[in-house]
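Here are some friendly notes to read alongside the coordinates.

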Amino acid sequence: MDGSLSRAYYGTFNVANVSFGLPERSVLQPVWDYLLTNYQSTLRSPLFPILLSVSTYLLLVALFTVLDILAPTWPSINRYKIHPEKPITWENIGRTLGLTTYNHLIYIFPAAVGQWLWRPPIPLPEEAPSLTQFLLGILGCTILFDFQYYLWHLLHHKIGWLYRTFHAVHHQYHESFSLVTQYLSAWELFSVGFWTTVDPVLLQCHCLTAWGFMVFNIWISTDDHCGYDFPWSLHNLVPFGLWGGSVKHDAHHQKPNTNFAPFFSHWDWLAGTTSSFAQSYALKGRKKQGD
Ligand SMILES: [Zn+2]
Ligand SMILES: [Zn+2]
């Protein structure tokens, strides 16, 4: 294979170009056309990604918090809790909501206003991504984010000063619930927000894919912390134990030197930092649901 041919094969790879020979006329085009026709100025605003992520988070935590409030008196909900013996209190809700509100008012809102004032509106392409590009883009961003957060997380547990200064706040809760997801220091919130924004740019994703990844990332982060082990939870659907999910992340809150990866299991397998706690929970949960 000569140089130009090999460049043609290997030189232009990016996630956004992969199609695997599936139909190229995007099934997302009608949705994208509709959004462009009706909401172009909203979508072009630098404020839009922030509004999208804040509203996704609030909606998800509202749903899980309703379950948390009902769980102590509704056995049909409580049986899916990882710690059914530890109800979520109003004090838990108030404190976590308090820090989330503080972080949003002090850091996220000013950053949003700054973007709105100084960043020009984003140009939007006419064409939608193909469904394959959309899904592979989200998968690629999730794999990349998982690796970045794994390294950040490992470092912030191994170096005492980093742990005490930036990450310990998140570990104030040994049994997590949805609102613990963003019970974070400003530095952790910034790091997470930075990768969520930058990863779709690095993988040259369409903006629809970038927003899809943003919503997906918030969903799986909230699912990690929700404190429930539902039969339809992602970790029970993804085969071969590849997905960590709520049981494994709850084990991280119980035993903080294990299960550092936020979503997938492979980095903890490779590094030998998988917690056996998670397996015992999963067994306990299965027994409980089989009763
Ligand atoms: Zn956590
Ligand atoms: Zn941690």
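1. Let me begin with L179. Leaving aside residues up to four places away in sequence, L179 touches V61, T65, I93, T96, L97 and T100. Please keep in mind throughout that this is a predicted model.

2. L179 also turns up in the largest nonpolar core, which has 38 residues. Together with C141, Y150, F177, F213 and A261, L179 touches the most other members of that core. Helices α3, α6, α8, α9 and α11 (245-254) each supply at least two residues. The biggest contribution is from α6, which gives seven residues.

3. Now for the overall picture. The chain has 13 helices and zero strands. Of its 291 residues, 33% count as buried. Among contacts with a separation of 6 or more, 68% are between residues 24 or more positions apart.

4. How do α6 and α8 pack? In general, two packed helices are described by the angle between their axes and the distance between the axes. Here α6 (residues 131-158) and α8 meet at an angle of about 145 degrees, and their axes are 10 Å apart. The crossing is right-handed. On the α6 side the contact is made by G137, C141, L144, F145, Q148 and W152, and on the α8 side by S191, W195, T196, D199 and P200. By class, that makes six nonpolar, four polar and one charged residues.

5. Helix α3 (residues 48-70) is worth a look for its span. Buried residues in α3 are F48, P49, I50, Y57, V61, F64 and D68. Their cover includes α2 (29-44), α5 (90-118) and α9.

6. With 19 residues, α9 reaches 27 Å from its first C-alpha to its last, close to the 27 Å expected. Most of α9 is covered, with 14 of its 19 residues buried. Just after α9, G227 takes a positive phi of about 85 degrees.

7. Most residues other than glycine have a negative phi. F240, although not a glycine, has a positive phi of about 60 degrees, and N259, also not a glycine, has one of about 50 degrees. F240 is in the loop between α10 (234-237) and α11, while N259 is in the loop between α11 and α12 (266-271).

8. Are F240 and N259 buried or exposed? F240 has 6 other C-beta atoms within 10 Å, and because 12 or fewer counts as exposed, F240 is exposed. N259 has 25 such atoms, and because 20 or more counts as buried, N259 is buried.

9. Last, where is S185? S185 sits in the loop between α7 (160-167) and α8 (186-202). S185 has 17 other C-beta atoms within 10 Å, which lies between the two cut-offs, so S185 is partly exposed. Not counting residues up to four places away in sequence, S185 touches F166 and V169. S185 and T165 are 20 residues apart in sequence, with their C-alpha atoms 8.4 Å apart in space.

How values were computed
Residues are numbered from 1 along each chain as its sequence is written. Chains are lettered from A and ligands numbered from 1 in the order in which they are written. This is a predicted model: local features need pLDDT of at least 70, side-chain atom pairs count only at pLDDT 80 or more; totals for chains, interfaces and linings use all residues. Helices (H or I, at least four residues) and strands (E, at least two) are DSSP runs, numbered from the N terminus. The expected span of a helix is 1.5 Å times one less than its number of residues. Two residues are in contact if their C-beta atoms, placed from the backbone, lie within 7 Å. Axes are lines fitted to C-alpha atoms, for helices over the stretch in contact, and angles run from 0 to 180 degrees between N-to-C directions. A crossing is left-handed if the near helix is turned anticlockwise from the far one by less than a right angle, and right-handed if clockwise. Ala, Val, Leu, Ile, Met, Phe, Trp, Tyr, Cys and Pro count as nonpolar, Asp, Glu, Lys and Arg as charged, and the others, Gly among them, as polar. A nonpolar core is a set of buried Ala, Val, Leu, Ile, Met, Phe, Trp, Tyr and Cys residues joined through C-beta atoms within 7 Å.
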